[in-house]
Amino acid sequence: MDIADWRRKIDELDRRLVEMLNERARAAQEIGKLKRNTDMPIYEPNREKIIFENVREHNGGPLPDSELHKVYERIIDVTRNIQKVEIVPEQKVTGEKTEFDLEVND
C-alpha cells in the first residue's frame with residue numbers, strides 16, 4: 001500500500017473509532033442515570049483501575065501500555081463529565097464545589 005492507501009485506512013479507522021467512542025459515551029450516560037437514581041458517586045477509582053487493567057491486558061501493541069493508559073484517562077475524564085451532566089444537570093449546578101469538580105487524573 002502507498003501513503004494514500006494508508007491514509008484512507010486511517011480515515012476509515014477514525015470513523016469506526018468515533019462510532020465506538022460515541023457508543024461508549026452512551027453507555028456511560030446510561031450508567032450516569034443509574035448512578036443518579038441510586039446516589040452512587042461518579043468517580044469510582046476501583047472501576048477505573050479495572051478498566052485500565054482490562055485495556056492493558058488486551059493491548060497487543062504497538063501502542064505502549066503507558067500511552068494507551070493516557071488515552072483512556074482522557075476517555076474516562078470525558079465520560080465522567082457526561083455522567084456529571086446526568087447527575088447534576090447544568091441548571092441545578094450552584095457554583096459550589098462538589099466531588100464532581102475534582103480533577104482525579106491530574
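Which helix does Glu-73 lie in? Glu-73 sits in helix α3, helices being DSSP runs of H or I with at least four residues, numbered from the N terminus.

## Ground rules

This is a predicted model, where local features need pLDDT of at least 70, side-chain atom pairs count only at pLDDT 80 or more, and totals for chains, interfaces and linings use all residues. Residues are numbered from 1 along each chain as its sequence is written, and side-chain values use heavy atoms, with hydrogens and water left out.

## Helix α3

Take the 23 residues of α3 (residues 65-87): at 1.5 Å a residue they should span 33 Å, and the end C-alpha atoms, 32 Å apart, agree with that. The expected span here is 1.5 Å times one less than the number of residues.

Buried residues (under 20% relative accessible area, 1.4 Å probe, protein chains only) in α3 include Leu-68, Ile-75, Ile-76 and Arg-80. The buried residues of α3 pack against α1 (3-38) and α2 (45-58).

## The core

The largest nonpolar core has 5 residues: Ile-51, Phe-52, Val-55, Leu-68 and Ile-76. Such a core is a set of buried Ala, Val, Leu, Ile, Met, Phe, Trp, Tyr and Cys residues joined through side-chain atoms within 4.5 Å. Helices α2 and α3 each put in at least two residues, with α2 giving the largest share, 3 residues.

## Around Phe-52

Setting aside neighbours within four places in sequence, Phe-52 is in contact (heavy atoms within 4.5 Å) with His-69, Tyr-72, Glu-73 and Ile-76.

Back to Glu-73: its C-alpha is 8.6 Å from that of Phe-52, with the two 21 residues apart in sequence.

Note on methods. Buried < 20%, exposed > 50% of the residue type's maximum accessible area, 1.4 Å probe, protein only.
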